[in-house]
Amino acid sequence: MPTEADDIPHAHPSVPREEPPSPPPPAGDLSRLRLYAYLSAPERRTYLAIMRLFTSTLLADLGAGEVAAALVEAERRGEIDPGEAAPDTVVDRLEQLARWGNLLPGRREPAATIAEFTRSRVRYQVAKLAMRVQREVDEMLDVAEGAREVSRELLPAIEEGLAAIRRTLGEVLTAERGPAPTVSRTLRERLAQQVTTLFLQHDEFAAAVRDFYAYLGSVIARYDLDPAETSGFKHMLLEYVELIVKDVLRHSAPITAHLTALNRQRASLLDLLGGGPGDLTPRATRAGQTELLERAPGRREADWDGLTDWFVGRPGRPSEVDGLREATSRAITALLTNVKRITGAGGVDPGRRRDLLTLARWFDASSPEQAHDLYAAAFGLFSSRHLGLAGEDDTPAPDLSWREGPRVPVEVNLRTRAERPPAGRVPRVSDDPLGRAALLAEAARREQRHAAAVGELAAAAHDLAGARLSGPALELLCELLALAGDGRDGPAEQGAAGDPVSGLTLTLLPRPQGHVTRVGSVLGTLELHGVDVRLDVTAAIR
């Protein structure tokens, strides 16, 4: 008689059910960022313990029971929350890691009963990218927060490695041009070993330099450093950083020469590195692309381009060596600014570190009522009114918030020291005979150009339409026209304006519609509609 278990095809322990693994996220897709999701989840302590369990051994193939047994010890030590080692909870955590792509579900464990089968006893393996993420997380958690020492001995090793690669490549190319063009396996392996060692050394040196300067940039700009800390950073900058920069500049020239020579033979070098026996070489797929294969360093064009760009600059893209020199200059400038601020007499402390520490002591020693009054006095928002001269345009906009409106300019001395007098001594005005003579000559030339423009307008006052006013004369006429028009309250009123230097007066007389007054110039004809222009040149001529 058939039973309920017979209707389920894979319930028998001898016939385990296989589930296809979930496909990994596509290369270059932002979905890879899901691999970091377990680090910010509420149960991140449990996820970290599970991922460390999978990454602690090679080819880890674990089921929920084995993971739960390992988490029991972690729960007893307090590394995870209570109840996280329960089998059902572990199954949920493993399934969630599989959905994020950190774990890959594999074959099912043999089930003796339907109950065991329905509990989804799936064995899991860690994904390759998840292994790298967890390794980087563990390194980040263990790294010290201080400055990272830069291995300066790697620079001469990089220079010697490039020279060795050039020699080995020359031997290989010479052997290929011989009567029996065969390259021995020993030469290939030596060349591959030298290239791999070179790129590993450069990656380590570049990472150490980036970490060191990142730490340096986070501390030199702080204004709350005490004299002891500043003295330590000064020693690190003036001695250690100078040694790093000197070593980089000293070895950059020979390294650049070796890279230039190798770049001319890059095609031959990459061919020799990519076709050896026993190497993993990418195979073309039907789509015309290559399979997802991470090559060893130095086997791609991009690897050599990155190495070259670190030492050799291009138009529009400076090299990392130039950036290193510039970053060092900025760091020394910031350090000298801090030293000057600390050692200067009567200097202010922009970081207000001492004031904040004093305020914290006051809060600690005050009662709740006093603390409220102290907070209102220190951080309270009061009226935003200021006593000062009104600006040229002081009309408030009804639809503009006071946060976005124009701000009242406050001088630096008043903002930092609450002092209105200017700081420092008033510099003496130096006597410059040559500059004074040049200014007087320029003023005389301006007066001559102005007088010539006035005389030209006086000569053309009776026939402005037939005149050929020059540029300066037309400019003076337009200024008078603007002043005269500004003095009129309406089109039917008369306006007048005069030149205070020469006494030339321009009058605008209203005329009926259709009347056009024309003024000729070398730049064209100026037309004025509805007005007539009169020039009074009596005072100008006199």
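**Entry 1: terms.** A helix here is a DSSP run of H or I at least four residues long, and the helices are numbered from the N terminus. I keep in mind that this is a predicted model.

**Entry 2: the pocket.** I looked up the second largest pocket and got a volume of about 910 Å³. Its lining has 26 residues, and Glu136, Glu139, Asp203, Glu204 and Ala207 are the ones nearest the centre. Which helices each supply at least two residues of that lining? I found helix H5 (128-142), H7 and H10. H7 gives the most, with seven residues.

**Entry 3: the core.** Next I went for the largest nonpolar core, which has 45 residues. Those with the most contacts inside this core are Leu162, Leu198, Phe205, Tyr213, Trp304 and Phe311. At least two residues come from each of helix H6 (154-176), H7, helix H8 (227-264), helix H9 (266-274), H10 and H11. H7 turns up again with the largest share of this core, 14 residues.

Skipping residues up to four places away in sequence, I have Leu198 touching Ile158, Leu162, Ile165, Trp304 and Leu307. Another core lies apart from the largest one; this other core has 32 residues, including Tyr38, Tyr47, Ala74 and Val90.

**Entry 4: Thr328.** I then checked a residue of helix H11 (residues 320-343), namely Thr328. Is Thr328 buried or exposed? I have Thr328 down as buried, because its relative accessible area is 9% and the cut-off for buried is under 20%. With neighbours within four places in sequence left out, Thr328 is in contact with Tyr213, Val241 and Val245. Tyr213 was already on my list of core residues with the most contacts.

**Entry 5: aromatics.** How many aromatic pairs does the structure hold? I get six. Tyr47 and Trp100 make an edge-to-face pair, 5.3 Å centre to centre with 70° between the planes. Tyr47 sits in helix H1 and Trp100 in helix H3, 53 residues apart, and the pair links these distant parts of the chain. Tyr47 counts as buried at 3% relative accessibility, and Trp100 counts as buried at 17%.

Why do I call Phe205 and Trp310 edge-to-face? Their planes stand at 65°, and over 60 degrees counts as edge-to-face. Their ring centres are 5.9 Å apart. Phe205 belongs to helix H7 (residues 185-219) and Trp310 to helix H10 (residues 301-311), so this pair ties together parts 105 residues apart in sequence. I have both Phe205 and Trp310 as buried. Phe205 and Trp310 share one aromatic cluster with Phe311.

**Entry 6: helix H3.** Last, a length check on helix H3 (residues 87-100). At 1.5 Å a residue, its 14 residues should span 20 Å, and I find the end C-alpha atoms 20 Å apart, which agrees. The expected span takes one less than the number of residues.

Which residues of H3 are buried? My list is Thr89, Val90, Val91, Arg93, Leu94, Gln96, Leu97, Ala98 and Trp100. The buried residues of H3 pack against helix H1 (44-55), helix H2 (64-76), strand E1 (103-108) and strand E2 (122-126). Just after H3 comes Gly101, which I note has a positive phi of about 100°.

How values were computed:
Residues are numbered from 1 along each chain as its sequence is written. This is a predicted model: local features need pLDDT of at least 70, side-chain atom pairs count only at pLDDT 80 or more; totals for chains, interfaces and linings use all residues. Side-chain values use heavy atoms; hydrogens and water are left out. Buried means under 20% relative accessible area, exposed over 50%, partly exposed in between (1.4 Å probe, protein chains only). Contact means heavy atoms within 4.5 Å. Rings of Phe, Tyr and Trp (its six-membered ring) pair if their centres lie within 6.5 Å; planes under 30 degrees apart count as stacked, over 60 as edge-to-face and the rest as tilted. A nonpolar core is a set of buried Ala, Val, Leu, Ile, Met, Phe, Trp, Tyr and Cys residues joined through side-chain atoms within 4.5 Å. On a 1 Å grid over the protein atoms alone, a cavity is a set of points where a 1.4 Å probe fits but cannot get out, and a pocket is an open set with protein on both sides within 12 Å along at least five of seven lines; lining residues have an atom within 4 Å of a point. Grid points are joined across faces, edges and corners, and a volume is the space filled by probe spheres set on the points.
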